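The following note sets out points for a colleague who is examining the model. They are numbered so that each may be taken up separately.

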Amino acid sequence: MQVNATALTLTVPRRLLMRLELDNAGINIDGRWLLRHVSLELRGGGLLALVGPNGSGKSTLLRLLGGLWKANEGAVTLDGRALKSLPRRGIARGVAYTPQDTRLDFAFTVREVVMMGRHPHLGRFEVEREIDRDAVNEAMRRADVAQLADRLVTELSGGERQRALLARSLATEAPILLLDEPTASLDIAHALDVLSLCRELAEEGKAIALAIHDLNLAARFADRVALLDKGRLIACGGADEVLRVESLNHVFGVSADRLFTGDGKPVFVFHRDVC
Amino acid sequence: MCNSPKTNFSIFVSEAAGSRSANCPVCVARPLDHRRKLRRPDCSQVSPSRLVREATQTGQFALRLLALIALASLMACRDASQLKRAEAVEPSGAGFPRALLDGGGSEVTIRARPVRIVSQTLGTDEILWAICGREHIVGVSKIGLEPKYSPIADELRSANVTPIFDAEEILRLQPDLVFVASYSLAETVESLKASGATVFRFANFDNIESIQRNIRLVGQSIGEEANAEKLVERMNAELSAVKARIPAGIRPPRVLSYYPSGDTAGADTSFDAIVRAAGAVNVVAEKGLRGFPKISAEQVAEWQPDFIIRGAAPANAAEARKQLLDNPVIAATDAARNGRIITLDNRYLLSVSHHVARAVSELADALYRSRGDSTK
Amino acid sequence: MRTRRGDKSELTGAVNERRSRRVALFFVITLILLAVFALLGVSVGSVHIPASQVARLLFARVTPFGWSDVSDIAPSQQAIIWQLRAPRVVVAALVGASLSAAGAQLQGLFRNPLASPDIIGTSAGGALGAVIAIATGLAMSDVLALPAFSFAGSLLALFAVYALTTRGGRTPMATLLLAGVALSSLFAAVSSFLISLTWVRWEVAQEVTFWLMGGLDNRQWTHCLMILPCAVAGLGAAISRWRELDLLLAGEETALALGVEIEKTKRLLLVNAALLTGVSVAVSGVIAFVGLIAPHAARLLVGPSHRRLLPASALLGAIFLLAADLLARTVIRPEEIRLGIITAGCGAPFFLFLLLRRRRDAG
């Protein structure tokens, strides 16, 4: 049996549970600590929501997890191996990162953009194979952009572009997905669709971390919630523990009433204090 | 990496290897035959046009095309040496073949007495016209036929001599000797050599002696030493006649050349040589400047030359003088106020052949006649 | 081509078919045009040579010795075709292809369709090297001297830009742009200074000025052999990295996340583009706009994916320069206009066209 970890004649990868871990990680840019003393674990089969005010470090945390930025302190490990020591392609096959910025100035078709997600699996001189096309079609179907496959990305609305980028991440077939504000430009229907999809993927065994502004959506869909403030991890655990009225007041500076829906999920109604 | 029990990187292990060299399960053909029959790995038939279309989409196609073009180019370059002349070359005429040092400092061997000569500089146009049999001159430079710059323009035109504009024409004329300027780039010379001709560089010259040396050199290269010598003698005679016209016992006039653009001529220029041959002093050279620098009008005013000289076509002499006088600083100089601005015919002033003698003569006329001395 | 929102997969399949057919048509047409202009370039010149003789001569050259007899064609005509026109045509095609490929890579690196090979300073360095070669008289003595000096100047510029930009293993594009502009200015200033010094020998200054305007007169097979390996290697290296270029277009972060070693790739593409530019300047002088117009036009015709864009730019660049050279030689026959003037003259209408297109789309 030929074994070649860098040649990419890959068939369907097995859905193994993988672990992405931050251990007392911190990152410092130009003297300012964007994150400090953060310990976090991302396991297959769970959906983690990162919440916090603007500038709390959610995007930075995702970048650290994805190996895009190097930690100045502490360790970032994938299945026990330091991310620093792994080749980029290897990381890309294990972890898929979707940025927040959906700007795409060049007239690629949606299909071409989603096909970019297969880059970690394709060698320099290799042509796209049947399995790549299948992965792309499947990814587009799940992200609900299949009908836009031959449209140019420059012609899409913000929400459609965001879903196309999500499809790109799905096409990598990586077991770990990191999504930065995946619902930012989406209407409520699509936002619910995307989060339901993330839930499905989590139940299929993927490890998903997403940064999100909407606390109610976080509470409804996530298994675990990590609350960040000014670069520190304030709390990490189940939605009930982390999303408490007092902690929200402390971190966000707003007061809230917590209600419950019929199926027991918490819903928050926010308002500013009336002085 | 993949067999380590600690990690889950077995996810990256290829399981597809081993199936690559198997026969097609459907039609049981070998992979090579399969491809030859234009079938895909899943045994579906594909049409040639479709194949072409798909092929052009990939980078591999481009790479293959590139390789093909490279190969074709290399094949075409295989005989990149220059064309040799078909006829055998025999030494003919007295003293050929001969080796000479040309104006660029390289040794040039002239195998036989040249019968088809092309000149690419105005200087050699003029010299050849004077010493060489007209039938041997098959091409002259473009400037040779310019009436503004060439003293022999009309003669050349009426003799129907061909002006040359590019290397192709030279090749067509199949000359044996081509005179080019010393500052021509090496690739120009190489192109000319492709015609099999001998290429001879003609250097610029800054004084009477080197001009005469050039005349003799041209004579030697074409086997007309006698005519060249006669030309030099004529030149010397004219120059002596000028010397005789210089009034004795006067202070040599101080002159300089000046153009509205600020250009002037210092030491080591033919202008300087002309001035000295006319018995005057070049102020700019005196002040230590060489070549063709630019100076300001104020500088001219400070140096207060006796005469200011400018070259122009004879028809434009008045206009040329007026242009100088338009500059108020120039107009305020003694020379200008006393009407001592001399315009000389450009065709002789800028010449680098025997025609400079005429410029010397014109200058002497202007310098000494204006002083009111009768010289004849 | 405005696509419609189609829900049926057959419709999207049809769109794909149309697009791939269009691309195939583009390549077929450009290859034909390349052959046509190359043949025209060899057949046209100030001396008239019948097309039949041209054809026979070319056939004789590319087939093994002895297959055809061309002894009846005058040696001077053979020399004109084979020593003057043919190398010129080959150099024109290679320079056009190299400059366009360099431009395409830089447009991808900078994510800006208005980037051109001049912005990283190599052209200015090459020009400086050539000015030194001409001013010192070395260019008069040896055909190799001027290209060698010019290429050395380009390498110097590349080295300087690289050293200024790359810090801690990273090559930020904004810094690269600034460094390129700064170095271009510096080299241009030094060149101008040298030219002003040589002005006292005006004929040398004339040669310098002509060279700076770009031109393919008197190209030899030596020049071809100089540029051929660099062009092939450079184009090959660029085309083999088409996926990385596409991903870089999508954003550096995206590319990094998808497994591209972005710093290594950026450095390689930078060096590649600089070498392609340097070798082009060395054999043909400074020719503006080819590296800007050809990739831009190619992008409009075959789309932004570099798998098609790179070969398309190279082909369009080669055709553009062949056509420009043809024009330069024939417009004011028998004189010749400098090539850089023709290409610059095409720049203005092209940009006006882009401007009008943009206004029409927006308005």
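Predicted model: local features only at pLDDT ≥ 70, side-chain atom pairs only at ≥ 80, totals over all residues.

1. Buried face of H6(A). In H6(A), the buried residues are Val194(A), Leu195(A), Cys198(A) and Ala202(A). Viewed down the helix axis, these buried residues fall within an arc of 90°, so they line one face of H6(A). The other side of H6(A) carries the exposed residues Ala189(A), Ser196(A), Glu200(A), Glu203(A) and Glu204(A).

2. Surroundings and geometry of H6(A). Which elements cover the buried residues of H6(A)? The cover includes strand E3 (46-51), helix H5 (158-171), strand E8 (207-211) and helix H7 (215-221) of chain A. H6(A) itself comprises residues 188-204, 17 residues in all. From first C-alpha to last it reaches 24 Å, which is close to the 24 Å expected at 1.5 Å a residue. Just after the helix, Gly205(A) adopts a positive phi of about 120°.

3. Confidence. For the complex, the predictor gives an ipTM of 0.86 and a pTM of 0.83. Chain C has an average pLDDT of 88, with 94% of its residues scoring at least 70. Residues 1-9 of chain C have a pLDDT below 50, and this stretch makes 7 contacts in the model beyond near neighbours in sequence.

4. Contact between chains A and C. Chain A contributes 23 residues to this contact and chain C contributes 24 residues. On the side of chain A, the elements giving two or more residues are helix H2 (88-94) and helix H3 (110-116). H2(A) gives the most, with 3 residues. By class, the residues on this side of chain A are 12 nonpolar, 4 polar and 7 charged.

5. Contact between chains B and C. Here 42 residues of chain B are in contact with 50 residues of chain C. Helix H2 (48-57), helix H3 (59-76), helix H6 (167-173) and helix H7 (186-193) of chain B each supply at least two residues of the side that touches chain C. H3(B) gives the most to that side, with 8 residues. The residues on this side of chain B divide into 21 nonpolar, 14 polar and 7 charged.

6. Architecture of chain B. Chain B contains 17 helices and 10 strands. Of its 376 residues, 39% count as buried. Among contacts in chain B between residues at least 6 apart in sequence, 56% join residues at least 24 apart. The domain assignment divides the chain into domain 1 (24-50), domain 2 (98-236) and domain 3 (247-369).

7. Contact between domains 2 and 3 of chain B. The C-alpha centres of domain 2 and domain 3 of chain B lie 29 Å apart. Their contact takes 17 residues from domain 2 and 17 residues from domain 3. On the side of domain 2, H4, helix H8 (208-222) and helix H9 (225-245) of chain B give two or more residues. H4(B) gives the most to this side, with 4 residues. The class division for the side of domain 2 is 10 nonpolar, 4 polar and 3 charged residues.

8. Why is helix H4 (residues 122-131) of chain B described as largely enclosed by the rest of the structure? Of its 10 residues, 9 are buried, so the helix is largely enclosed. The buried residues of H4(B) are Leu122(B), Gly123(B), Thr124(B), Asp125(B), Glu126(B), Ile127(B), Leu128(B), Trp129(B) and Ile131(B).

9. Ser353(B). This residue is located in the loop between helix H16 (346-349) and helix H17 (356-369) of chain B. Is Ser353(B) buried or exposed? Ser353(B) counts as buried because it has 27 C-beta neighbours inside 10 Å, where 20 or more are required. Apart from neighbours within four places in sequence, Ser353(B) is in contact with Gly123(B), Glu126(B), Ile127(B) and Ile211(B). Of these, Gly123(B), Glu126(B) and Ile127(B) are among the buried residues of H4(B). Ser353(B) and Arg113(B) are 240 residues apart in sequence, and their C-alpha atoms are 22 Å apart in space.

Notes:
Residues numbered from 1 in each chain as written. Chains lettered and ligands numbered in written order. Contact = placed C-beta atoms within 7 Å. Nonpolar A, V, L, I, M, F, W, Y, C, P; charged D, E, K, R; others polar. pLDDT = per-residue confidence, 0-100. Buried ≥ 20, exposed ≤ 12 C-beta atoms within 10 Å, placed from the backbone. Domains from an automatic or database assignment. Expected span 1.5 Å × (residues − 1). Arc of directions from axis to C-beta.
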